[in-house]
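Please work through the following exercises with the sequence and the three-dimensional structure at hand. Each task is followed by a stepwise solution.

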Amino acid sequence: MLKHLSAFALTCAMALPAAATDLDNLTDAEREAFRAEVRSYLVENPEVLMEAFAVLEQRQAEAEVERDAMAVAANANALFASAFDVVLGNPEGDITVVEFMDYRCGFCRRAHPEVLDLVELDGNIRLVVKEFPILGEQSVLASRFAIATRVALGDEAYFEIFDAMMTMRGDMTQPALMALAEGLGLDSAAIVASLDDPLVRQTIDYNRALGERLQISGTPTFVFGDQMVRGYVPLDGMLEIVAMLRDDAQ
């Protein structure tokens, strides 16, 4: 609030004639008169303060979008073409959607069926999954298990375990994950044997470093084309973003 008030006071000062804006050289009486005038104006016109806050917030939001777009452009190869990630949906799709996810994240779980619906309904979405465990040891183990599944058994098996873990209930312990894999007909012993494969740790470290560069601190975080969207997005919202990206590309 104080930061906003300071910004507003500066705006008021900038609106005054040049001779009256040398605040450092005002006498005590002039400075007191200036403060009184500003206070009187705000008391009589409180809506102006709300308008100023709204403009400030809008400008901050626009600046954040611009910063995110620049960060996406600077990290495009790591986002869209990393060998560490599995590509789902249409590999030749005209729109790439990147999701930073954590298996223990409630909003990731909520978004999961809607992301899959987007891929199925659209048919031209290239979905890149970024393993981004940030919610504790079970999150890390779950990501390690998923990546180890890919290392041991391939991309198709990875999708099976990825999908199953997104709907799994209970603690994500190694025995529970092995039982889940066995229930899918996957070789859990082969997966466990790959948990310490260097590619497993490298994938997680790579995505964490990328997340740090993009200032990602929560999941899910999506990148739609050149737009970063932080937090859960319902299916209707994702469809709107995709349609807008296609319109902009024409």
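**Exercise 1.** Determine how the axes of helix H7 and helix H8 cross.

*Solution.* Helix H7 comprises residues 155-166 and helix H8 residues 174-183; helices are DSSP runs (H or I, at least four residues) numbered from the N terminus. Their axes come within 10 Å and cross at roughly 120°, with axes being lines fitted to C-alpha atoms over the stretch in contact and angles running from 0 to 180 degrees between N-to-C directions. H7 and H8 are therefore oblique to each other, since angles under 35 degrees count as roughly parallel, over 145 as roughly antiparallel, 65 to 115 as roughly perpendicular and the rest as oblique.

The model is predicted: local features need pLDDT of at least 70, side-chain atom pairs count only at pLDDT 80 or more, and totals for chains, interfaces and linings use all residues. Residues are numbered from 1 along each chain as its sequence is written, and side-chain values use heavy atoms, with hydrogens and water left out.

**Exercise 2.** Identify the residues through which H7 meets H8.

*Solution.* From H7, Ile 161, Ala 164 and Met 165 meet Leu 177, Leu 180 and Ala 181 of H8, where contact means heavy atoms within 4.5 Å. Sorted by class, this contact has 6 nonpolar, no polar and no charged residues; Ala, Leu, Ile and Met are among the residue types that count as nonpolar.

**Exercise 3.** Is Asn 75 buried or exposed?

*Solution.* Asn 75 lies in the loop between helix H3 (46-74) and helix H4 (76-80). Its relative accessible area is 10%, so Asn 75 is buried (under 20%; exposed is over 50%, partly exposed in between, 1.4 Å probe, protein chains only). Leaving aside neighbours within four places in sequence, Asn 75 contacts Leu 210, Arg 213 and Leu 214.

Key. Helix = DSSP H or I, 4+ residues; strand = E, 2+ residues; numbered from the N terminus.
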